[in-house]
Amino acid sequence: MLPKSYRVFKWVVYAIATLLLCALQSLIGDNVRVLGVSPFLFPMLPAVVAMFEGTRPGAVFGLVLGILCDLLAPAPFRGFFSISFPAAAVLAGGIASRLLSRGFLCALVVSSAGLLTVCAFRMAVQILSGGQYLGLMARISLEETLLTLPAVLVVLPVYRTVFRKCAADY
């Protein structure tokens, strides 16, 4: 069992790295538009953390990030990100622990899974609200996912550095 102070320090460093990535989203991602769609990094973050830390810590990280996103970002309903981000982290943690070893390919797969999980939740909300624009929502979600995936080249090194530098030798 790791000392409590170590775990607190590690998650504070993850929080700082996440704030830097959120600033990147805010400064660059929100200003980039391709076919009217902007990249959306937030679902990728709990997925990559779950790849490194495991399903349960990734889900808690996703819940905290989801609560912050629910407070700050527009969503289909209150609590949308608080539900979808932990689900994305659980899926990503399962993929990383059972199917692939940690690395670029795994990060790409879990990031895709995280982004598509949030897209699936958006589609479910669209279906439950009448499904008028289901095809449009599917197209926009796919374009957003494809536009966001290259950000793995930034997110992976940041979280890999935190994971390696905060590794305990106990």
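Predicted model: local features only at pLDDT ≥ 70, side-chain atom pairs only at ≥ 80, totals over all residues.
For our pair, the axes of α2 and α5, which spans residues 104–128, come within 8 Å and cross at roughly 135°. That angle makes α2 oblique to α5. And if you're wondering about the hand, the crossing of α2 and α5 is right-handed.

Now let's stay with α2 itself, residues 44–53. How many of its residues are buried? It's 10 of the 10, so α2 is largely enclosed by the rest of the structure. Look along the helix and you'll find M44 and F52 among the buried residues, and E53 is one of them too. Just after α2 comes G54, and G54 takes a positive phi of about 115°.

Let me zoom in on M44, which sits in helix α2. Buried or exposed? M44 has a relative accessible area of 0%, and buried means under 20%, so M44 counts as buried. What does M44 touch, once we skip residues up to four places away in sequence? The list is S111, L115, T148, L149, A151, V152 and V155.

Last stop: Q25, over in helix α1, residues 4–27. Q25 is buried as well, with a relative accessible area of 2%. Leave aside the neighbours within four places in sequence, and Q25 is in contact with D30, P39, F40, L41 and F42. Take L41 from that group: Q25 and L41 are 16 residues apart in sequence, and 6.5 Å apart in space, going C-alpha to C-alpha. And what does the side chain of Q25 reach at 3.0 Å? That would be the backbone oxygen of P39.

So, to recap: α2 crosses α5 at roughly 135°, all 10 of the 10 residues of α2 are buried, and Q25 in α1 has a side chain reaching the backbone oxygen of P39. That's it from me, thanks!

Methods: Residues numbered from 1 in each chain as written. Heavy atoms only, no water. Buried < 20%, exposed > 50% of the residue type's maximum accessible area, 1.4 Å probe, protein only. Helix = DSSP H or I, 4+ residues; strand = E, 2+ residues; numbered from the N terminus. Axes fitted to C-alpha atoms, helices over the stretch in contact; angles between N-to-C directions. Parallel < 35°, antiparallel > 145°, perpendicular 65-115°, else oblique. Left-handed = near helix turned anticlockwise from the far one by under 90°. Contact = heavy atoms within 4.5 Å. Polar contact = N/O pair within 3.5 Å; in protein donor to acceptor, adjacent residues only side chain to side chain.
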